[in-house]
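Open the model in your viewer and keep the selection tool at hand. This tour goes from one selection to the next and says what is there.

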Amino acid sequence: MLNNFKTYDLAEKLFRECRKIKTQAYIRDQLMRAALSIVLNTQEGAAKASEKDRKRFYNIAYASAKEVQAILKLLDLHEQFKLADQVGACLFRLQHPKPEA
């Protein structure tokens, strides 16, 4: 697995937090699929050789993070929402790195 990769670690933490959520089966299923997508696409993106490929997978993970956030907001789970927001911010930064001076 990845060492010293904050985004991946946060994605994994979010997945574990989502597993604890009790809600209707259809909502939980969608939540878990999206949370797993964040972890897997972050990992896959990190393994890609080209920047274009990495960004593509980070974009998929970012979209899944937004999906998780929408579900968490609907469920009024504010702490988990904050964690998902942090994951989303990290993924956004991976897609749009600051230009080097």
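Start by selecting D76, which is exposed because its relative accessible area of 53% is over the 50% cut-off. Keep in mind throughout that this is a predicted model. D76 is in the loop between helix 3 and helix 4. Look at its backbone: D76 is not a glycine, yet it has a positive phi of about 55 degrees. Most residues other than glycine have a negative phi.

Next, select helix 1, residues 6-19. Helix 1 has 14 residues, and the distance from its first C-alpha to its last is 20 Å, close to the 20 Å expected at 1.5 Å a residue. Now colour its buried residues: T7, Y8, L10, A11, L14, F15 and C18. Where do they sit around the axis of helix 1? They cover an arc of only 160 degrees, so they lie on the same side of helix 1. An α-helix has 3.6 residues a turn, so residues three or four places apart point the same way. Show the rest of the chain again, and you will find helix 2, helix 3 and helix 4 among what covers these buried residues.

Leaving out residues up to four places away in sequence, V68 touches L14, C18, L31, A34, A35, I38 and A84.

Move to S37, in helix 2 (residues 25-47). Is S37 buried or exposed? S37 counts as buried, because its relative accessibility of 17% is under the 20% cut-off. Beyond its neighbours within four places in sequence, S37 is in contact with T42, I60 and S64.

Now select Q80 in helix 4. Q80 is also buried, with a relative accessible area of 18%. Apart from residues up to four places away in sequence, Q80 touches L14, E17 and L72.

Turn to the rings. How many aromatic pairs are there? The count comes to one. Select Y62 and F92 to see this tilted pair, with 6.0 Å from centre to centre and 50 degrees between the planes. The pair links distant parts of the chain, 30 residues apart: Y62 is in helix 3 (residues 51-74) and F92 is in helix 4 (residues 78-95). Y62 is partly exposed, at 23% relative accessible area, and F92 is partly exposed at 36%.

Another ring to select is that of F57. R56 lies over its face, at 5.0 Å from the ring centre.

For the last stop, select R93, in helix 4. R93 counts as partly exposed, with 39% relative accessibility. R93 and Y58 are 35 residues apart along the chain, and their C-alpha atoms are separated by 9.5 Å.

How values were computed
Residues numbered from 1 in each chain as written. Predicted model: local features only at pLDDT ≥ 70, side-chain atom pairs only at ≥ 80, totals over all residues. Heavy atoms only, no water. Helix = DSSP H or I, 4+ residues; strand = E, 2+ residues; numbered from the N terminus. Buried < 20%, exposed > 50% of the residue type's maximum accessible area, 1.4 Å probe, protein only. Contact = heavy atoms within 4.5 Å. Phe/Tyr/Trp six-rings, centres within 6.5 Å; stacked < 30°, edge-to-face > 60°. Lys NZ or Arg CZ within 6 Å of the ring centre and 35° of its normal. Expected span 1.5 Å × (residues − 1). Arc of directions from axis to C-beta.
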